[in-house]
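Subject: Handing over the structure, with notes

Dear colleague,

Please read them with the model open beside you.

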Amino acid sequence: MCGIAGWVDFSRDLAQEQTIAEAMTATMARRGPDAGGVWYGRHAALGHRRLSVIDLEGGCQPMAADEGTDPRAVLTYSGETYNFQELRTRLSSLGHAFRTRSDTEVVLRAYLEWGPGFVSRLEGIYAFAVWDTRREELLLVRDRMGVKPLYYATTPAGVLFGSEPKAILAHPEFRAVLDADGLRDILSIAKVPGRAVFRGIREVRPGCTVRVGRSGAVEERYWGLEVREHTDTLDETVDTVREMLEAIVAEQMVSDVPLCTLLSGGLDSSSLTALAAQVSRTQGLGRIRSCSVTDADPRHEVDAAGVHGSEGNEDHVYARILARHVGSDHSELPLFAPDLLDPALRSSVLAAYDLPIAKGDEHASLHQLFGIVRQHSTVALSGECGDEVFGGYRWQRDRDTVLSDTFPWVHEGRQHYQGDEVLYQPDLLAKLDLAAYERDIHSAAVAEISAGEHIADPAEARYREVTYLALTRHAQVLFDRKDRMSMACGLEVRVPFADHRLVDYTFNVPWAMKGFDGREKSLLRAAMKDLLPEAVAQRVKTPYPSIRAAAYNRVLRERLAEVVRADASPLAPLFSDALKRAVAKDGAAALEAGMSRASLETTLQLDEWLRTYDVRIAL
């Protein structure tokens with residue numbers, strides 16, 4: 001992938017502001033450890049940090065289309081365009097000459113040939129900016145599913161942008177501010193596309209472009225899911241899914257650097273690993289490498305504090321079965337609770353994510369895993385989004401949860417997010433009114449497709465809505481997690497199940513067909529049955545391993561009690577008086593009743609985030 005950053009200002013000469021543009025670009029160094037550069041024009045500065053994956057020698061950026069004395073356009077690009085070779089052939093037939101083998105140059109030439117509408121021709125995961133020097137216009141582009149991030153903040157005279165908020169925050173004229181809407185986003189478990197928590201910063205929404213000129217910024221959608229009739233039979237659907245996955249995995253294995261798969265032993269990652277192994281054998285690439293997390297530390301069963309791994313999770317067992325079956329070169333990372341509580345690791349996770357998070361142990365373990373994977377691979381295939389596409393979550397299949405009047409994962413998981421009423425002032429909670437907030441954004445989300453207008457059966461219409469919510473809301477949280485934790489280690493993660501062609505095809509498959517055998521992910525199971533060992537093919541889904549030891553929560557409570565006692569904490573004005581009295585009297589024990597781990601994690605991260613990022617609270 002890579003990291004991009006930039007600044008457009010129509011009121012000043014940015015060639016004289018190089019220190020600022022370079023500082024913004026430097027924040028992307030972990031995303032792009034191999035090279036970097038900044039291009040300057042009078043009103044635009046485009047920065048790039050590179051993780052070299054394709055055409056290691058020739059793909060340097062920012063890349064300018066040099067024609068005459070001035071370039072027509074300049075591109076700073078992050079991502080992978082999987083059909084770049086096909087586009088290159090077409091562009092060559094139209095007279096374009098190429099100086100590199102990179103997909104970056106193909107994207108730049110495609111813009112020159114077809115203008116802003118060229119984005120509909122791209123297939124891949126990407127986030128990039130094109131500065132058109134003649135039109136004096138910036139085009140920001142994000143891939144259809146929003147796998148790769150892109151943030152921007154409009155200014156009175158232009159725009160700031162970057163792969164992560166930290167690029168914008170590096171500009172001396174932008175101040176980090178948390179308002180009520182931002183706090184709602186942090187405390188809620190329902191992500192809203194386009195919002196970025198920091199006041200004044202937005203995300204380019206998935207499948208959208210943002211055009212920035214002297215008159216301001218205009219967002220336009222170039223792709224989105226639509227409700228249509230599915231006419232294929234069950235057998236035809238299963239065959240199509242298999243054919244598409246074979247083509248997609250082969251396409252996404254194109255790389256000039258070492259590649260591996262992230263193997264959990266579940267159906268999704270096992271399917272991708274089996275398909276990747278098949279491609280490797282067919283193309284004579286040798287054994288595919290696979291990596292996984294184990295749930296126990298071989299050094300200790302229980303440490304001195306009584307903290308150990310996540311009991312009951314057998315991912316590593318099934319990962320080993322699949323690895324032996326396909327002959328992959330397999331390695332494992334033990335999940336050990338004390339390591340995940342290390343303050344330095346947690347600070348590194350926050351620095352990568354830029355925002356407080358609710359699942360600290362999962363993010364920390366992913367950060368560790370990706371750091372180890374990066375020692376031998378630069379690219380990894382992940383099974384992310386398989387559940388959203390094929391219906392693997394319990395909340396997608398439980399009728400009462402599906403028919404609730406909010407996001408089904410919110411309805412199912414609310415008990416895992418208890419604690420706000422213990423922590424915060426009643427007046428603040430009344431102002432935030434999170435229940436109404438979640439209802440409102442849920443209503444707005446389902447209105448985007450109006451499934452009931454196209455599907456006569458109300459239950460089927462609701463299932464289509466839930467699939468839409470899973471793909472456009474729930475998956476975004478997972479994409480963000482995977483992107484930040486991997487790119488912080490300089491690792492590019494590709495997600496074949498999020499390919500927009502597969503998503504578009506499966507979206508309108510009737511729910512009864514998606515679970516035709518009464519199980520989760522029936523279509524995928526049927527499509528992959530000949531490539532998987534029986535134990536893996538029939539395995540019931542289990543969540544990503546998280547620490548279950550009671551002592552882990554105890555450490556979190558002790559740390560939060562210290563924060564509550566600290567008058568200097570930026571959260572002190574928000575904490576309830578009852579909480580302060582209880583902690584003063586009983587210490588960490590006051591945080592046992594009514595407090596979920598997610599609330600403990602989020603509040604600790606929120607405190608550190610406010611301090612580290614010097615965030616001003618404006619509620």
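Two strands are said to pair here if DSSP finds at least two bridges between them, and the elements themselves are DSSP runs, numbered from the N terminus, with helices being H or I over at least four residues and strands being E over at least two. This is a predicted model, in which local features need pLDDT of at least 70 and side-chain atom pairs count only at pLDDT 80 or more, while totals for chains, interfaces and linings use all residues. Residues are numbered from 1 along each chain as its sequence is written, and side-chain values use heavy atoms, with hydrogens and water left out.

Strand β17 (residues 379-381) pairs with β18 in the parallel sense over three bridges, and within β18 the bridge partner of Val379 is Glu492.

Turning to the interior, a nonpolar core is a set of buried Ala, Val, Leu, Ile, Met, Phe, Trp, Tyr and Cys residues joined through side-chain atoms within 4.5 Å, where buried means under 20% relative accessible area, exposed over 50% and partly exposed in between, using a 1.4 Å probe and protein chains only. In the largest such core, which has 88 residues, Phe118, Phe128 and Cys385 touch the most other members. Helix α7 (residues 267-283) gives the largest share of this core, seven residues. A second, separate core of 80 residues includes Ala45, Leu434, Ile547 and Leu571.

Helix α20 (residues 500-507) is also mostly covered, as seven of its eight residues are buried; among them are Leu502, Tyr505 and Phe507.

Finally, the structure holds 47 salt bridges, a salt bridge being a side-chain nitrogen of Lys or Arg within 4 Å of a carboxyl oxygen of Asp or Glu. One of them joins Asp483 and Arg31, whose closest N and O atoms are 2.9 Å apart; this pair links distant parts of the chain, with Asp483 in helix α19 and Arg31 in the loop between α1 and β2, 452 residues apart. Asp483 and Arg31 are both buried. Glu80 and Arg494 form another salt bridge, with the closest N and O atoms 3.7 Å apart, and here Glu80 in strand β5 (residues 70-81) is linked to Arg494 in strand β18, 414 residues away. Glu80 counts as buried at 4% relative accessibility, and Arg494 counts as buried at 0%. Lys521 forms a salt bridge with Asp387, again with a closest N and O distance of 2.9 Å. Since Lys521 lies in the loop between α21 and α22 (522-528) and Asp387 in helix α12, the pair ties together parts that are 134 residues apart in sequence.

With best wishes
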